[in-house]
Amino acid sequence: MTDLKADHLDAVLATVDAGLDQSLERLYALLRIKSISTDPAYKAECQRAADWIVGELNGIGFAAAAHATPGHPVVWARGPAQEGPHVLFYAHYDVQPVDPLNLWHSDPFEPVLKTDAQGRQIIVARGASDDKGQMLTFIEACRAWHAVTGALPVQVSLMLEGEEESGGKNLPPFMEANKQALGAADIALVCDTDMWDRQTPSITTMLRGMVAEEIEITCADKDLHSGMFGNAARNPNQLLAEIIASLRAPDGSVTLEGFYDDVAEISPEIKAQWAGLGFDDAEFLGEAGLSIPAGENNRSVLEMLWARPTCEINGIIGGYTGDGFKTVIPAKASAKISFRLVSGMVPDKIRAAFRRHVEAMMPADCSVKFTAHGGSPAITVPSDGTYLQQALGGLSAEWGKPAVITGSGGSIPVAGDFKRILGLDTLLIGFAQIDDAIHSPNEKYDLASFHRGIRSWVQVLAAFAR
């Protein structure tokens with residue numbers, strides 16, 4: 001390790017264990033702050049959360065400040081200069097609203113440590129898992145290193161967001177404005193993901209991107225009586241249904257021209273590793289009351305979720321949808337359609353292909369309006385990267401079994417921003433569990449996730465210094 005004796009690692013881990021109660025008290029203090037970013041009524045609470053974090057970071061050797069944005073502050077902190085790698089850690093301190101409040105078993109902003117039905121100790125509060133508990137695993141690891149050695153094993157910067165749950169529109173401009181300083185890092189770290197299972201740590205190296213489009217089709221200039229105009233007048237509901245049906249082929253593939261041009265197959269090594277994860281396709285679908293995979297033929301469910309692009313219909317609106325019946329041919333019909341992208345696909349290219357596809361199906365006397373709802377590219381971290389291999393080694397050392405590489409069907413835009421703006425790859429290392437009920441009533445974080453998450457970051461930072 002750089003400027004550190006190898007035996008410091010054991011001392012730092014012992015400090016984590018001995019200080020767990022104090023770490024929990026700090027987590028509880030942060031969880032009590034109602035930093036709901038989407039509701040203007042909680043603007044002062046978001047500022048209070050940012051200021052609380054700044055105070056904690058300054059107390060353990062960082063130079064930290066809450067930087068104003070048109071929305072909520074970005075906390076930016078830089079640790080003392082160190083030789084070796086420079087890591088940039090990202091998390092978010094804002095949380096989702098708590099509605100419906102009546103479904104909570106306790107006050108969402110008064111954390112409770114309780115034992116669940118499986119005998120596990122859990123921390124129940126809004127933000128316990130997403131993302132305050134996850135964020136503090138890293139900060140508490142830095143605290144332990146600082147307590148033992150007065151320093152950190154590598155150069156560490158933190159960028160902590162206050163608007164992730166409300167769109168995060170002010171973070172990219174902040175990154176652009178501070179590109180030179182932020183881009184000095186070698187690798188970005190994000191703690192906002194799950195473990196593979198309770199005993200198997202994982203690093204997510206593949207995130208799908210997103211293109212979201214809303215279309216509104218207009219046929220007649222007013223709603224029409226279906227008896228007087230039926231057959232003769234174009235029905236936008238039917239036209240919309242034909243367009244939607246045309247987007248997928250019988251084999252499950254997406255039909256847009258050029259859709260798969262930039263899609264690469266995953267390597268045999270990654271495919272073999274995924275096959276060894278013990279993922280049960282039938283069990284996964286069964287939990288949703290389904291049994292038959294509906295994506296591309298001859299693909300495993302994990303491939304469909306992590307490594308293949310999608311086209312999904314997220315909402316359809318048209319005509320009378322109230323109680324009873326109304327014999328009307330509506331003038332307008334609309335749909336919300338999203339595409340999940342994999343590495344190599346260009347969001348603007350897919351958006352343009354979708355719009356051409358729709359426009360080609362429009363009759364001359366009908367019109368379509370398109371509304372874009374965001375677009376972000378997918379990311380993939382090379383599986384043989386040095387930082388990835390070091391992080392896997394650190395996690396494996398803590399958990400006593402090999403850490404695994406996983407993908408994610410979701411999208412985390414900040415990871416794309418790290419690549420686009422700063423040129424940084426991102427390692428997504430999280431300790432949440434699939435049953436943490438994030439965004440839902442009774443959100444929780446396992447005490448073991450919090451404790452061993454801190455220990456894991458201690459190990460990962462040490463691995464980076466080797």
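Begin by selecting helix 13 and helix 15, whose crossing is right-handed; a crossing is left-handed if the near helix is turned anticlockwise from the far one by less than a right angle, and right-handed if clockwise. Helices here are DSSP runs of H or I with at least four residues, strands are runs of E with at least two, and both are numbered from the N terminus.

This is a predicted model, in which local features need pLDDT of at least 70 and side-chain atom pairs count only at pLDDT 80 or more, while totals for chains, interfaces and linings use all residues. Residues are numbered from 1 along each chain as its sequence is written, and side-chain values use heavy atoms, with hydrogens and water left out.

Two packed helices are described by the angle between their axes and the distance between the axes. Axes are lines fitted to C-alpha atoms, for helices over the stretch in contact, and angles run from 0 to 180 degrees between N-to-C directions. Angles under 35 degrees count as roughly parallel, over 145 as roughly antiparallel, 65 to 115 as roughly perpendicular and the rest as oblique.

Next, display the side chains in contact (heavy atoms within 4.5 Å). In helix 13 these include Tyr-387, Gln-390, Leu-395 and Trp-399, and in helix 15 they include Arg-452, Arg-455, Val-460 and Phe-464. The residues of this contact between helix 13 and helix 15 divide into eight nonpolar, four polar and three charged. Ala, Val, Leu, Ile, Met, Phe, Trp, Tyr, Cys and Pro count as nonpolar, Asp, Glu, Lys and Arg as charged, and the others, Gly among them, as polar.

**Second stop: helix 1 and helix 4**

Select residues 8-18 for helix 1 and residues 132-149 for helix 4; their axes come within 9 Å and cross at roughly 120°. Helix 1 is therefore oblique to helix 4, and the crossing of the two is right-handed. On helix 1 the contact is made by His-8, Leu-9, Ala-11, Val-12, Thr-15 and Val-16, and on helix 4 by Ala-144, Trp-145, Ala-147, Val-148 and Thr-149. The contact of helix 1 with helix 4 has eight nonpolar, three polar and no charged residues.

Move to helix 2 (residues 20-31) and helix 3 (residues 43-58), whose axes come within 10 Å and cross at roughly 155°. Helix 2 is therefore roughly antiparallel to helix 3. Arg-26, Ala-29 and Leu-30 of helix 2 make the contact with Ala-49, Trp-52, Ile-53 and Glu-56 of helix 3. By class, this contact of helix 2 with helix 3 has five nonpolar, no polar and two charged residues.

Most residues other than glycine have a negative phi, and most peptide bonds are trans. Select Asp-99 and Pro-100: the peptide bond from Asp-99 to Pro-100 is cis, with omega near -5°. Pro-100 is found in the loop between strand 3 (86-92) and strand 4 (112-115). Then select Asp-130 and Asp-131, which are joined by a cis peptide bond with omega about 10°. Asp-131 lies in the loop between strand 5 (121-124) and helix 4. Finally, Asn-231 has a phi near 80°, a positive value in a residue other than glycine. Asn-231 is placed in the loop between helix 7 (226-229) and helix 8 (236-246).
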